[in-house]
Amino acid sequence: QVRVVESGGGLVQSGGSLRLSCAASGSTSSINVIGWYRQAPGNQRELVATISTGGNTNYADSVKGRFTISRDKPKNTVYLQMTSLKPEDTAVYYCNAHYYYNWQWVDSWGQGTQVTVSS
């Protein structure tokens, strides 16, 4: 199985930057896509950015040009560099690994890390 653990959240002023980290462990070679989702109070969880094993990236329109997802393969770690942060980016950010296990595709979620952007 795969386990993911997030870190790097915090409080930042509008216009500031933060970098989130997601460390994966376990059967990391079975991961197909890994990325970030977020959930603000009262809202559904939404995709922020993902990166595939082939290096293809996908971003939500709301973060394009401001957020960058990257990975360090030897460290099994994925990063989300967030710049020009806005108050509407405030949410709990979750790391997700989509991987193949026991003949099926499954998802592993982290516990989440809070990002708060003050105006």
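**Salt bridges and their surroundings**

Guide: Asp61 has a relative accessibility of 65% and therefore counts as exposed, since exposed means over 50%. The model is a predicted one. Asp61 forms a salt bridge with Lys64, and the closest N and O atoms of this pair are 3.1 Å apart. In general, side chains of opposite charge can pair when their charged atoms come close. The structure holds four salt bridges.

Arg38 takes part in a salt bridge with Asp89, with 2.9 Å between the closest N and O atoms. Arg38 belongs to strand E4 (residues 31-39), whereas Asp89 lies in the loop between strand E8 (77-82) and strand E9 (91-101), so the pair ties together parts that are 51 residues apart in sequence. Asp89 is buried, because its relative accessibility is 1% and the limit for a buried residue is under 20%. Arg38 is likewise buried, with a relative accessible area of 6%.

The side chain of Arg38 also meets that of Glu46 in a salt bridge, at 2.7 Å from N to O. Glu46 has 37% relative accessibility and so counts as partly exposed. Through salt bridges that share partners, Arg38, Glu46, Arg66 and Asp89 are joined into one network.

Another arginine, Arg45, is placed over aromatic rings. Its charged end sits over the ring of Tyr94, 3.7 Å from the centre of that ring. Arg45 also lies over the face of Trp109, and here the distance to the ring centre is 4.6 Å.

The aromatic residues can be considered next. The count of aromatic pairs comes to three. In the pair Tyr99 and Tyr101, the ring centres are 6.3 Å apart and the planes stand at 55 degrees, so the pair is tilted. Tyr99 counts as buried because its relative accessibility is 4%, while Tyr101, at 30%, is partly exposed.

E1 is joined by six bridges to strand E3 (residues 18-26), and the two run antiparallel. Within E3, Ala23 is the bridge partner of Val5.

Notes: Residues are numbered from 1 along each chain as its sequence is written. This is a predicted model: local features need pLDDT of at least 70, side-chain atom pairs count only at pLDDT 80 or more; totals for chains, interfaces and linings use all residues. Side-chain values use heavy atoms; hydrogens and water are left out. Two strands pair if DSSP finds at least two bridges between them. Helices (H or I, at least four residues) and strands (E, at least two) are DSSP runs, numbered from the N terminus. Rings of Phe, Tyr and Trp (its six-membered ring) pair if their centres lie within 6.5 Å; planes under 30 degrees apart count as stacked, over 60 as edge-to-face and the rest as tilted. Buried means under 20% relative accessible area, exposed over 50%, partly exposed in between (1.4 Å probe, protein chains only). A charge sits over a ring if NZ of Lys or CZ of Arg is within 6 Å of the ring centre and within 35 degrees of the ring normal.
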